[in-house]
Amino acid sequence: MDKFKPSWRELPIAAIITEPGNIAESKTGEWRTGLKPVIDQEKCKQCYICWAHCPDASIVLKDDGVVEIDYYHCKGCGLCSRICPYKAIEMVEEVVEYG
Ligand code: SF4
Ligand code: SF4
C-alpha cells in the first residue's frame, strides 16, 4: 500500500526556514482555530500591555498610538483578551475558509 510521504519540498512556507528571519513572510494567521481578537477602541486605554505580551508580535502600535491586530500573523491564542485590564479585546468567532 502506498502511503503519502511528503518531502520537505512540499511543506508550506510556514513550516520551513528558508533564510534567517523569514517568519514575517509566513501567513501564520491562517492557523487560527476560529476565534480572532477584536479591539473595542472605545474601551481601549492604550496601556500597551497587550502589545508587550503578544507571543506573535501581532499587535501593531500605529503612529497615532492606536493598537491594531495584525490578522496576517495572529494565531488567535487569546492571551491579549485575557490580559487586557480594561476588557477591551473580545475573542469572536470567524468563518474559516479553506482552499
Ligand atoms: S491591553 Fe487593552 S487597554 Fe491596553 S492597549 Fe491593549 S487593548 Fe488597549
Ligand atoms: S490572540 Fe494571541 S496571537 Fe493574536 S494578537 Fe492576541 S495575543 Fe497575539
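## The model

This is a predicted model: local features need pLDDT of at least 70, side-chain atom pairs count only at pLDDT 80 or more, and totals for chains, interfaces and linings use all residues. Residues are numbered from 1 along each chain as its sequence is written, chains are lettered from A and ligands numbered from 1 in the order in which they are written, and side-chain values use heavy atoms, with hydrogens and water left out.

## Around the ligands

A residue counts as near a ligand if one of its heavy atoms lies within 4 Å of it. Around ligand 1 sit Cys44, Lys45, Gln46, Cys47, Tyr48, Cys50, Cys84, Pro85, Tyr86, Ala88 and Ile89. This shell divides into 9 nonpolar residues, 1 polar and 1 charged.

Ligand 2 has its own shell. Its residues are Pro37, Cys54, Pro55, Asp56, Ile59, Cys74, Lys75, Gly76, Cys77, Gly78, Leu79 and Cys80.

## Salt bridges

Side chains of opposite charge can pair when their charged atoms come close. A salt bridge is a side-chain nitrogen of Lys or Arg within 4 Å of a carboxyl oxygen of Asp or Glu. The whole structure holds 4 of them. Among them is the pair Lys27 and Glu30, with the closest N and O atoms 3.9 Å apart. Exposure is judged by relative accessible area: buried is under 20%, exposed is over 50%, and partly exposed is in between (1.4 Å probe, protein chains only). Lys27 is partly exposed at 40%. Glu30 is exposed at 56%.

Lys62 and Glu68 form another salt bridge, at 3.1 Å from N to O. Lys62 is partly exposed, at 33%. Glu68 is partly exposed too, at 38%.

Arg32 also pairs with Glu94, at 2.6 Å from N to O. Arg32 lies in the segment before β1 (35-39) and Glu94 in the segment after β4 (89-93), so this pair ties together parts that are 62 residues apart in sequence. Strands are DSSP runs of E, at least two residues long, numbered from the N terminus. Both Arg32 and Glu94 are buried.

## Two glutamates

What does Glu94 touch, leaving aside its neighbours within four places in sequence? Glu94 is in contact with Arg32, Gly34, Leu35 and Lys36. Contact means heavy atoms within 4.5 Å.

Glu90 lies in strand β4. Glu90 is exposed, at 52% relative accessibility. Beyond its neighbours within four places in sequence, Glu90 is in contact with Lys36, Pro37, Val38 and Ser81. Glu90 and Cys80 are 10 residues apart along the chain, and their C-alpha atoms are separated by 8.9 Å.

## Cysteines

A disulfide is a covalent bond between the sulfur atoms of two cysteines. The test used here is a pair of cysteine sulfur atoms within 2.5 Å. How many disulfides does this rule give? The count is 0.

Cys47, from the shell of ligand 1, is partly exposed at 37%. Cys80, from the shell of ligand 2, is buried, with a relative accessible area of 9%.

Key:
Ala, Val, Leu, Ile, Met, Phe, Trp, Tyr, Cys and Pro count as nonpolar, Asp, Glu, Lys and Arg as charged, and the others, Gly among them, as polar. Helices (H or I, at least four residues) and strands (E, at least two) are DSSP runs, numbered from the N terminus.
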